[in-house]
Amino acid sequence: MRANYLFTSESVSEGHPDKVSDQISDAIVDLFLSKDPEARIACETLTTTQLVMLAGEIRCKGVYEDGAWAPGAQEEIEATVRRTVKEIGYEQDGFHWKTFRFENNLHGQSAHIAQGVDASGNKDEGAGDQGIMFGYATDETPDLMPATLYYSHKILERMAADRHSGAAPFLEPDTKSQVTLRYEGSLPVAATAVVVSTQHAAGYDTGDKEAELHAYVRKVVADIIPPVLLRDTIYHINPTGSFEIGGPDGDAGLTGRKIIVDTYGGAAPHGGGAFSGKDPTKVDRSAAYITRYLAKNIVAAGLATRCTIQLAYAIGVSKPLSLYVDTHETGTVGDNLIEAAIMNIEKLGGLTPRGIRTHLGLNKPIYRKTAAYGHFGRKPEGDFFPWERTDLVEDLKAALA
């Protein structure tokens with residue numbers, strides 16, 4: 001690993017068109033799981049000027065059975081979609097929660113997919129798809145996340161909170177951030193550049209109002225990034241100029257197009273599968289959560305300062321094809337020993353899809369909150385973000401003793 005380098009991560013706000021799509025898709029996941037914890041959902045969302053379109057495959061008792069919608073189900077879906085957009089804050093001529101055109105193209109899950117995933121007879125429940133999933137943790141921040149992504153998320157979270165509270169009434173929902181840090185060894189020592197592009201009210205691109213917006217952004221950055229890192233930092237605030245037209249009116253949004261923002265900001269590999277819109281039988285989602293959980297607990301246990309984990313699955317097969325641990329030469333024990341320890345921890349259920357969902361409690365309506373500002377590095381609260389708990393530390397230590 002290089003001793004000195006620059007590294008950059010980006011984040012996008014809840015009002016970014018792709019994130020609007022992610023939040024709608026996960027609001028649908030939560031709706032169906034609240035009706036049927038065993039529901040199967042693969043919901044994709046398209047957003048553009050005054051249009052929201054859903055597409056995908058579902059199976060949900062009491063909502064969609066035998067090829068037909070239950071009475072009132074479609075109306076409840078539309079109400080959920082409109083409420084999600086309203087909560088984000090879109091009341092613009094080009095995208096308004098009350099007046100956009102809505103299309104629901106969800107339909108029944110393929111019987112050929114269901115037969116591979118469902119448990120039957122002596123066959124355990126299989127993975128909902130094939131693929132590889134990665135988890136990562138690093139001791140750069142208190143949340144064991146890469147610092148570049150951590151700060152990028154936090155800047156936008158603060159701006160969104162100020163927009164919702166009215167503390168910054170000139171802000172509109174669509175915002176992006178980017179933080180570049182200079183590393184010496186494994187430690188960030190300076191923020192060399194910060195980029196923030198925010199949709200704004202009319203007039204905040206010139207004169208005193210533009211100066212007010214720029215001063216506000218700099219204040220937010222100063223509150224989020226430690227002062228010791230803000231030395232000779234270059235700021236790019238709305239570098240293209242005016243940013244009044246934004247959100248789905250400015251650029252179409254699709255579910256699953258911000259997978260690096262959702263995970264580790266490019267600091268770790270990604271298997272390619274998105275999370276939002278998928279129920280937890282889909283290992284794209286559930287196995288990515290368990291690998292983060294494992295990596296975080298390994299670092300929290302002091303077994304390494306940095307850890308990457310890979311899992312691989314075949315559709316319809318319950319047992320993982322492989323488990324790979326890499327502590328990047330920071331481990332206190334061999335990576336192969338950690339791999340063996342993980343597979344010997346009984347409560348993890350052999351890392352089967354059922355074992356993952358049972359241990360983390362994933363068959364619950366907990367996903368809308370994940371769909372903006374990252375799925376990882378969040379605070380575990382009640383049923384939410386269980387993969388961020390560090391309750392496996394003692395089990396790992398015992399298994400390695």
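I traced the ring cluster: ring pairs join Y136, Y264, F275, Y289, F376, F385 and W387. My pairing rule takes rings of Phe, Tyr and Trp (its six-membered ring) with centres within 6.5 Å; planes under 30 degrees apart are stacked, over 60 edge-to-face, the rest tilted. The model is predicted, so I took local features at pLDDT of at least 70 and side-chain atom pairs at pLDDT 80 or more, while totals for chains, interfaces and linings use all residues. Numbering runs from 1 along each chain as its sequence is written, and side-chain values use heavy atoms, without hydrogens and water.

I counted pairs under this rule and got 14 aromatic pairs. One of them is Y150 with Y151, edge-to-face at 5.4 Å centre to centre and 75 degrees between the planes. I found both Y150 and Y151 buried (under 20% relative accessible area with a 1.4 Å probe, protein chains only; exposed is over 50%, partly exposed in between).

Next I looked up F275 and F376. They pair edge-to-face, with 6.0 Å between centres and 70 degrees between planes. F275 is in the loop between α7 (259-262) and α8 (283-300), and F376 in the loop between α10 (353-360) and α11 (393-400), so this pair ties together parts 101 residues apart in sequence. Helices here are DSSP runs (H or I, at least four residues), numbered from the N terminus. F275 is buried at 3% relative accessible area. F376 is buried at 2%.

Last, I checked charges over rings (NZ of Lys or CZ of Arg within 6 Å of the ring centre and within 35 degrees of the ring normal). R82 has its charged end over the ring of F100, 4.3 Å from the centre. K369 lies over the face of F384, 4.1 Å from the ring centre.

Note on methods
Helices (H or I, at least four residues) and strands (E, at least two) are DSSP runs, numbered from the N terminus.
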